[in-house]
Amino acid sequence: MNALLLREIKSFFGSIMGYLVIAVFLVLNGLFLWIFDGNFNVLQSGYADMAPFFSLAPWILIFLIPAVTMKSFSEEIKQGTMELLLTKPLRIWEIVMGKFLGAFVLILMAIIPTLIYVWVIADLSLSGSQFDWGSTWGSYFGLLFLIAAYASIGVFASTLSENQIVAFIIAVVLCFLFFVGIDEWSKIGGSWSGFIASFGINSHFKSMGRGVLDSRDILYFVSFSVFFLSATVFKIKSIKK
């Protein structure tokens, strides 16, 4: 599995893809947080915190992560190398995890430079006021789980079509439905609204952003990622037959 993970990372940085993903994420965040006028602009918000970043990042990642994962298996299927991949001395779940972790590590590399924002914004805090470190680190922790959730969806979507664009669209739609769709549905759920919202990514991401790591949120994200990765394994087994 480690060899496959390294192969995935090398393939990202062996082309422009890896550099482009990191650049797009950092440039878009930088423009919205520091340059463009609007609700995401840190300097115009009046508060020295990372809330604008954690509100913006999930939206950028909805499109960026599917762009990274769309070729995970669709390219293998299209080029006819899936059979060759399956003959390697690896279990199917190890192959899936190698593809998943490759995408996760790439996005993680894009997230790490944003820690500079924490230092800058903390430095902007007024004398006597205290920067909310608990909320910030909780949100970063939640962002890691959100990346894992999106990546698991993206890897699964890549098994559904040999066309990378189709895989990308399916992943974006699924990420959007779980991040936004369930939240919107919960608003018309009446007494069931809390229960419905608990199935959505956004409510658990926001919960972690309060700075308190609830085991229910962690269990949700782990179960969510495991579900889609298991679905990926099942789909590949059906292709193998």
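Visitor: How many salt bridges does a search of the whole structure find?

Guide: The search finds 6. This is a predicted model, where local features need pLDDT of at least 70, side-chain atom pairs count only at pLDDT 80 or more, and totals for chains, interfaces and linings use all residues. Residues are numbered from 1 along each chain as its sequence is written, and side-chain values use heavy atoms, leaving out hydrogens and water.

Visitor: What makes Lys-99 and Glu-8 a salt bridge?

Guide: The term asks for a side-chain nitrogen of Lys or Arg within 4 Å of a carboxyl oxygen of Asp or Glu. Here the closest N and O atoms are 3.0 Å apart, so the pair qualifies. Lys-99 sits in helix 7 (residues 92-111) and Glu-8 in helix 1 (residues 2-13), so parts 91 residues apart in sequence are tied together. A helix here is a DSSP run of H or I with at least four residues, numbered from the N terminus.

Visitor: Why is helix 10 called roughly perpendicular to helix 12?

Guide: The axes of helix 10 (residues 164-186) and helix 12 (residues 201-208) cross at roughly 100° and come within 6 Å. Axes are lines fitted to C-alpha atoms over the stretch in contact, with angles from 0 to 180 degrees between N-to-C directions. Roughly perpendicular covers 65 to 115 degrees, and roughly antiparallel means over 145. That places helix 10 roughly perpendicular to helix 12.

Visitor: What makes helix 9 roughly antiparallel to helix 12?

Guide: Helix 9 (residues 133-157) packs on helix 12 at about 155°, with the axes 7 Å apart. That angle makes the two roughly antiparallel.

Visitor: Which residues of helix 12 meet helix 9?

Guide: Ile-201, Phe-205 and Met-208 do, and their partners in helix 9 include Phe-141 and Leu-146. Contact means heavy atoms within 4.5 Å.

Visitor: Where does the largest share of the nonpolar patch come from?

Guide: Helix 10 supplies 5 residues, the largest share, and Val-173 is found in that helix.

Conventions. Parallel < 35°, antiparallel > 145°, perpendicular 65-115°, else oblique.
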